[in-house]
Amino acid sequence: MDNANTMSAEVDAAVIEELHEALESGELVLFVGGGISAAVGLPTWRQLVDLLVERVREQVGDEVVVAEVASLARSQRYSEALAAAELALGAAEFNAFVEGALDDEGLDPPRIAIAIAALRDKLRAVLTTNLNHLLERAFAFEWETMSRVTDEVAWRRRFILKLHGTLKEPASWVFARERFLASIAAPDVRRSLTAVLSKCPVLLIGFGRADSNFDEMLSDIHALSGSSPPPRFLLVPSASLTPYRRTMLVGMGFRLIPYDTPDGSHDRALAILERMSAPRTRATASRASRSIVPPPIPDLELPPSSSPLGFPSYDLPSDLAAYDDTVTMPGAIEAPRRERASEPPASPIEVFFSYSESNRELRDKLETHLAILKHKGVIRGWHDGEIGAGEERDRAIAEHLEAAKIILLLISADFLASDFCYDVEVRKAIERHERREARVIPVILDACDWEGAPFGRLTSLPKGGRPVTSWVNQSEAFTDIAKGIREQVEQLSQNPS
C-alpha cells in the first residue's frame with residue numbers, strides 16, 4: 001500500500017513539474033470554473049438552480065412547472081433547468097433574479113483569484129465560465145475582457161474570455177450548451193478557438209461535478225483540441241475522481257492533479273497555484289526536458305545577409321501561419337540571450353485592403369496569414385470593417401488609402417463590378433503607385449478577366465496569378481501571398497522613401 005502511495009505521489013509530482021514547464025513556456029491558458037465564485041459565497045450553478053426553483057414556486061405557483069425545473073436540477077441538467085426557469089419566469093424576471101444572485105459588487109476577490117492573477121505575466125490568456133467580475137478585479141482590470149468568442153482569440157494575448165457572457169449584459173449570457181455551440185458556429189470563430197486549444201497547454205481549475213454540463217464541456221474541449229494537443233491539466237478534488245471518471249478523463253488526454261479537501265476547503269489547490277508563481281530554482285529551471293508545446297517560429301535574428309527586419313529564410317507551415325513566436329522553450333531558460341533583430345519600425349507599415357464585400361471571408365483568411373507581421377508590429381492592416389460608429393465612411397477610406405504604404409487589391413468578378421472599388425479605390429491606388437508613394441499588389445481571389453484592368457501590368461499574387469479559389473489547399477495559396485507581401489515589407493523597410 002505504501003508503495004502504491006509512493007508511485008501515486010511520483011506521478012503527481014511529474015505532472016506538476018510538467019505544468020511548471022507549460023507555465024514557463026508563456027503559452028499556458030487557464031480555464032477557470034465556478035469555484036472562484038463559490039469561494040466568496042456566491043451560489044454555484046446547482047445552488048442557483050435551487051434558488052430559481054423557489055423563485056418559480058413563488059412567482060408562478062404552477063406545481064407542474066415547478067416540478068419540471070426541480071426534476072432537471074435533481075438530474076444535474078443545470079443548463080436545461082436554467083432554460084426552463086427562464087421560460088417560466090419570463091426573460092426580464094429571470095435576468096433580474098440571476099443578476100442579483102450572482103452580483104459580486106462589494107466582495108473582495110478570493111485568494112484563489114489573486115493566486116491566478118499572480119501568474120498573469122506568464123499566462124497567455126484566461127477562459128472562464130463565471131459571469132461576475134471577480135477575475136477582472138483580481139487582475140486589476142489590466143487585461144482586456146471579452147464576453148464572446150471572436151476570431152481574435154487566435155492571436156491575442158493577455159485577455160479574459162468569458163465563455164458564458166458577462167453579468168451586466170444578459171444578452172451575452174450563454175447557459176445552454178446548444179447556445180455555446182451556436183456562439184462558435186461561425187467557421188472563423190471556431191477555427192480561432194481550435195487554434196488556441198490545439199496549440200496551447202490548458203489548466204482547468206475551479207470546476208467540480210456540480211458545474212453546469214462540465215463533462216460535456218470537457219468533451220467539447222477534447223473535440224476542439226485536435227488529435228495531438230499540448231497537455232491539458234485538470235486540478236480537481238480527489239473525492240470527485242471515481243475510478244470510472246478517472247479512467248474517462250485520462251482517456252480524453254487530461255493530466256490529473258488531484259488534491260485532498262479534508263476540511264471541505266480547497267486550500268491545497270490554492271497552495272499548488274501559489275507554488276507555481278514562486279521563483280523556480282536554477283537547477284529546476286535549467287533542467288533539460290522534453291518540450292510540451294509546439295515548436296515556436298524561430299526568433300527574428302540577424303543572419304549574415306538578411307534585411308534589417310531579419311526575417312529568416314524558412315517556410316512557414318500553413319497550420320502555423322497565425323502562431324505567435326514568443327514561446328520560451330523549456331530547458332533553454334538559462335541559455336545566453338541571443339541577439340535579436342532590429343526593432344520593428346515605430347510606425348508599422350499600413351496595409352490597405354481593397355475588396356468586395358462578397359469576398360470578406362477570403363479577406364479574413366488573408367489577414368490571418370499576415371498575423372506574424374502584425375504580432376511583430378511590422379504592419380498594421382486596415383479595411384472598412386475597422387470604421388467605428390459615427391465615423392464618416394468615405395472620409396475614413398480616403399484617409400487610410402492615402403496613408404497606406406501597401407495597397408492590396410483583392411480581385412474577383414465582384415470587385416471588378418463594384419463602381420466604388422474600381423472607380424475610386426483602384427484609381428487612387430494606381431495614382432499613388434505611379435508616384436512611388438505606395439506599392440499596389442493585386443491579389444487574385446477568383447477567376448475573372450482582370451489582365452486588361454489598370455493594375456493588369458503589376459505583378460500579382462499568388463505567383464503566376466493563379467486564383468486562390470482554384471487551389472486544392474487554399475492555405476497554401478494564402479501562404480504564398482503572405483510570403484510575397486513579406487518580401488515587399490522587407491524592401492520597404494530597407495528603402496522607406
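**A parallel sheet and a buried threonine**

Strand β8 (residues 349-354) pairs with β9 in the parallel sense, over 4 bridges; strands here are DSSP runs of E of at least two residues, helices are runs of H or I of at least four, both numbered from the N terminus, and two strands pair if DSSP finds at least two bridges between them. This is a predicted model, in which local features need pLDDT of at least 70 and side-chain atom pairs count only at pLDDT 80 or more, while totals for chains, interfaces and linings use all residues. Residues are numbered from 1 along each chain as its sequence is written, and side-chain values use heavy atoms, leaving out hydrogens and water.

Within this pair, V351 stands opposite G381 of β9. Helix α17 (residues 393-403) packs on the sheet and touches β8, β9 and β10 (406-411), contact meaning heavy atoms within 4.5 Å. The direction of α17 makes about 130° with that of β8; axes are lines fitted to C-alpha atoms, for helices over the stretch in contact, and angles run from 0 to 180 degrees between N-to-C directions. Helix α20 (residues 474-494) also packs on the sheet, touching β8, β9, β10 and β11, and its direction makes about 175° with that of β11.

The open sheet has 4 strands in the order β9-β8-β10-β11, with parallel pairing. Its edge strands, β9 (379-382) and β11 (439-444), each pair on one side only.

Now let's visit T128, in strand β2 (residues 125-128). T128 counts as buried because its relative accessibility is 1%; buried means under 20% relative accessible area, exposed over 50%, and partly exposed in between (1.4 Å probe, protein chains only). Leaving aside neighbours within four places in sequence, T128 is in contact with residues including V32, L135 and I160.
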